[in-house]
Amino acid sequence: MKIHHIAITVLHLEESSKFYCDNFDFKVQKEFGRSKKGWRGQFLQSDNVNIELFEFNEINNKNNNDDISMIGIRHIAFAVSDIEKEVARLSHLTFTPIHEGVTGKRLAFTKDPNGVQLELYEE
């Protein structure tokens with residue numbers, strides 16, 4: 001068994017799709033939706049990672065992804081071989097300082113346009 005995809009509800013579909021495509025090498029694979037039901041989405045793929053983005057006409061944006069104790073997705077981690085290189089490549093984004101995590105690996109966090117935390121995890 002393997003994870004097929006991660007679903008993220010976003011405020012603005014185009015902005016979020018552009019963010020993941022421009023910064024993390026995702027490509028839009030499919031667009032879909034139900035206009036009568038008030039939602040639309042895109043399926044993005046990068047190597048072996050798939051992200052499904054949803055935009056709803058009515059949205060609950062009260063989620064606080066900074067609170068690790070909340071039930072639900074807390075962050076998405078991207079494996080990198082050289083964390084300094086990747087943080088420099090993504091210098092237009094704001095990252096936490098690179099630090100050692102509980103696994104002994106170095107990591108840094110930023111956020112997507114919706115506040116979803118993204119982790120760079122040095123393998």
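Colleague: Which residue in E4 does Val10 stand opposite?

Modeller: The model is predicted. Strand E1, residues 6-10, pairs with E4 in the parallel sense over five bridges. Val10 belongs to that E1 range, and its counterpart in E4 is Glu55.

Colleague: In which sense do E3 and E4 pair, and over how many bridges?

Modeller: Strand E3 covers residues 39-46, and E4 covers residues 49-56. The pairing of E3 with E4 is antiparallel, over eight bridges.

Colleague: Which residue in the hairpin of E3 and E4 takes a positive phi?

Modeller: This hairpin has two residues between its strands. The phi in question lies near 50 degrees. The residue that takes it is Asp47.

Colleague: How many of the eight residues of E4 are buried?

Modeller: Buried here stands for under 20% relative accessible area. Across the 123 residues of the chain, buried ones make up 37%. Strand E4 is mostly covered, and its buried count is six.

Colleague: In what order do the elements of the chain run from the N terminus?

Modeller: The chain holds two helices and eight strands. Helix H1 spans 13-24 and helix H2 spans 83-89. From the N terminus, the order is β-α-β-β-β-β-α-β-β-β.

Colleague: Which element gives the largest share of the lining of the largest pocket?

Modeller: The largest pocket holds about 550 Å³ of space. Its lining has 24 residues, and the closest to the centre are Asn48, Val49, Ala77, Phe78 and Ala79. H1, E4, E5 (75-80) and H2 each supply at least two lining residues. The largest share, six residues, comes from E5.

Colleague: How many residues of the lining of the largest pocket are nonpolar?

Modeller: Alanine, valine and phenylalanine count as nonpolar, and Ala77, Phe78 and Val49 are among the residues closest to the pocket centre. In the whole lining, seven residues are polar and four are charged. The nonpolar residues number 13.

Definitions and conventions
Residues are numbered from 1 along each chain as its sequence is written. This is a predicted model: local features need pLDDT of at least 70, side-chain atom pairs count only at pLDDT 80 or more; totals for chains, interfaces and linings use all residues. Side-chain values use heavy atoms; hydrogens and water are left out. Helices (H or I, at least four residues) and strands (E, at least two) are DSSP runs, numbered from the N terminus. Buried means under 20% relative accessible area, exposed over 50%, partly exposed in between (1.4 Å probe, protein chains only). Two strands pair if DSSP finds at least two bridges between them. On a 1 Å grid over the protein atoms alone, a cavity is a set of points where a 1.4 Å probe fits but cannot get out, and a pocket is an open set with protein on both sides within 12 Å along at least five of seven lines; lining residues have an atom within 4 Å of a point. Grid points are joined across faces, edges and corners, and a volume is the space filled by probe spheres set on the points.
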